[in-house]
Amino acid sequence: MSLTKVTYTMIDGAWTNVLDYGADPTGLTDSTTALQNAIDSGAPVYIPMGTYLTDVLTVRTGQGFQFIGAGAGKTIFLEKTANTGILKNPNGVQFNGRIGQFSIKANASSNGTGYGILVSGFYNTIFEQIQYLSNGSGYWESMFNVSASPQLCYGNTINQMEIREQVGPKVGVLFSNGNQGVLYNANACTINDGLIANNTLMVCAINAARSINVTISSMLIERNYTTATITGLQADAALGINAGQATCIIGNYFEQLNPWIQYENPADGGGDNGFVAGNHFSPNWITTTTFFNGAKGNVWVGNDENPLTPINFSGSTGLNWKIGAHDVPANPTITYASGTTGALANTSVVLVNNAASFDLSYKITAEWTPTSSGTNNTSLFNISVPTGYSVKSFSVTGNMPAFNAQPVICATTGSSTAVVSNTQTTAIVIIAYICFSKTTF
């Protein structure tokens, strides 16, 4: 016999076991009434291992609500009626609660609408270790729908959520504001230590565009796709994080998303005044990734990015800032300018360093074969300067590999023009090192 408030009524503070109220852990019969009665008892609720078929449950209001399962994958709530969800709090406010350690499973007929859990009417409540499960092709619009409508919503934590190798949801955590406008944006929520990876029919892992002061940290977000299959590197990758007002994105791992982070700046939300720090961004196999789209006041600090696949850190307002790394423009080019003619081939441009606050350093290698020989033959080459930069330093050397790398006379003129003198018609390898400093922001 379990030690619960029902079976031992004189034991103050004992947990309620939903089995005492007639809940069916086989999932064969409807457990909605039994589960709701356990919630309404006022005691902390424990849900043992099993599958529970249920319509949406209503959380009681007040202080310290606890609703705890035997663990994700062990306690499973199965949605009885498609697109209605598992848990909500529509009637008042719940302070300082703790909900979790279970899985939620969509009805097989759910069609990409609705939610698993509605986070509205909660203050300082922890949602911990909750796993999403699809049911065949059935899935919700979002696992968590966070909104200040119909009730206000502040200071909640979604900790160790898991969506892995599932169909859907369209969005892992959706800050929706109930489509009621900016006054219903949820505030001061934290999402941390979770996993959203290898899912199909997902549009965005975390959409916080309609939120204020959300912190997203220590998440693994990778390989989510908008179509029904995953086959290697695909061009239909889902968005990683759609950021809202004052979103803090710290210490996360991003891989194969498009884009990794986006600032939508909707009319009833905002993408301003955020902070992106200490994240890892894997090589960008998508052509470009734009981080800031019409938003302002965002700061990028010390993130780990692959210099060979640069991030497009853009902002039409010019009011976003990058510190400890650098936005990387298109690579400079080397072209023949004047003098002795010839053929330029095998050009290589490598970003050597972009860690300095406002500098970019490149190594440019090219092979030049002049059409004539003689002591007076000289060729000039121009190296392009990226828009918004000026040349800080520039050096050039050359050699003839056919003559045991014999050096040739090289010099620089102007800000970015290389001068190469030659006496032979054999190939010359030109090596230039050039550093640019950012002049406009």
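1. Strand E22 (residues 204–207) pairs with E26 in the parallel sense, over three bridges. Strands here are DSSP runs of at least two residues, labelled E; helices, H or I, need at least four; numbering starts at the N terminus. Two strands pair if DSSP finds at least two bridges between them. Opposite Cys 204 stands Leu 239 in E26. The model is predicted: local features need pLDDT of at least 70, side-chain atom pairs count only at pLDDT 80 or more, and totals for chains, interfaces and linings use all residues. Residues are numbered from 1 along each chain as its sequence is written, and side-chain values use heavy atoms, with hydrogens and water left out.

2. E26 also pairs with strand E29 (residues 261–263), again parallel and over three bridges. Ala 243 has Tyr 263 in E29 as its bridge partner. How many residues of strand E26 are buried? Five of the five residues in 239–243 are, so strand E26 is largely enclosed by the rest of the structure. Buried means under 20% relative accessible area, exposed means over 50%, and partly exposed is in between (1.4 Å probe, protein chains only).

3. E6 joins strand E10 (residues 94–95) in the parallel sense over two bridges. Gln 63 has Phe 95 in E10 as its bridge partner. As background, strands of a sheet pair through backbone hydrogen bonds, either parallel or antiparallel.

4. Aromatic contacts deserve a look. The whole structure holds 17 aromatic pairs. Phe 65 and Phe 67 are stacked, because their ring centres are 5.9 Å apart and their planes lie at 15 degrees. The criteria: rings of Phe, Tyr and Trp (its six-membered ring) pair if their centres lie within 6.5 Å; planes under 30 degrees apart count as stacked, over 60 as edge-to-face and the rest as tilted. Phe 65 is buried at 0% relative accessible area. Phe 67 is buried at 1%. Both belong to one aromatic cluster, formed by Tyr 52, Phe 65, Phe 67, Phe 77 and Phe 102.

5. Tyr 336 and Trp 368 also stack, since their ring centres are 5.4 Å apart and their planes are at 10 degrees. Tyr 336 sits in strand E35 (residues 334–339) and Trp 368 in strand E37 (residues 359–370), so this pair ties together parts 32 residues apart in sequence. Are the two partners buried or exposed? Tyr 336 is partly exposed, at 31% relative accessibility. Trp 368 is buried, with a relative accessible area of 1%.

6. Phe 281 is in strand E31 (residues 280–281). Its relative accessible area is 1%, so Phe 281 counts as buried. The C-alpha atoms of Phe 281 and Tyr 253 are 6.4 Å apart, although the residues are 28 apart along the chain.

7. Leu 183 lies in the loop between strand E18 (171–175) and strand E19 (186–187). Leu 183 is exposed, at 73%.

8. One joins Ser 149 and Pro 150, with omega about 15 degrees. Pro 150 is in the loop between strand E15 (142–146) and strand E16 (157–159). The bond from Asn 258 to Pro 259 is cis too, with omega near -15 degrees. Pro 259 lies in the loop between strand E28 (253–255) and E29.

9. Positive phi values come next. Leu 201 is not a glycine, yet its phi is about 55 degrees. Leu 201 sits in the loop between strand E21 (195–197) and E22, and is partly exposed at 24% relative accessibility. Ser 218, also a residue other than glycine, has a positive phi near 55 degrees. Its loop runs between strand E24 (215–217) and strand E25 (220–222). Ser 218 is partly exposed, at 40%.
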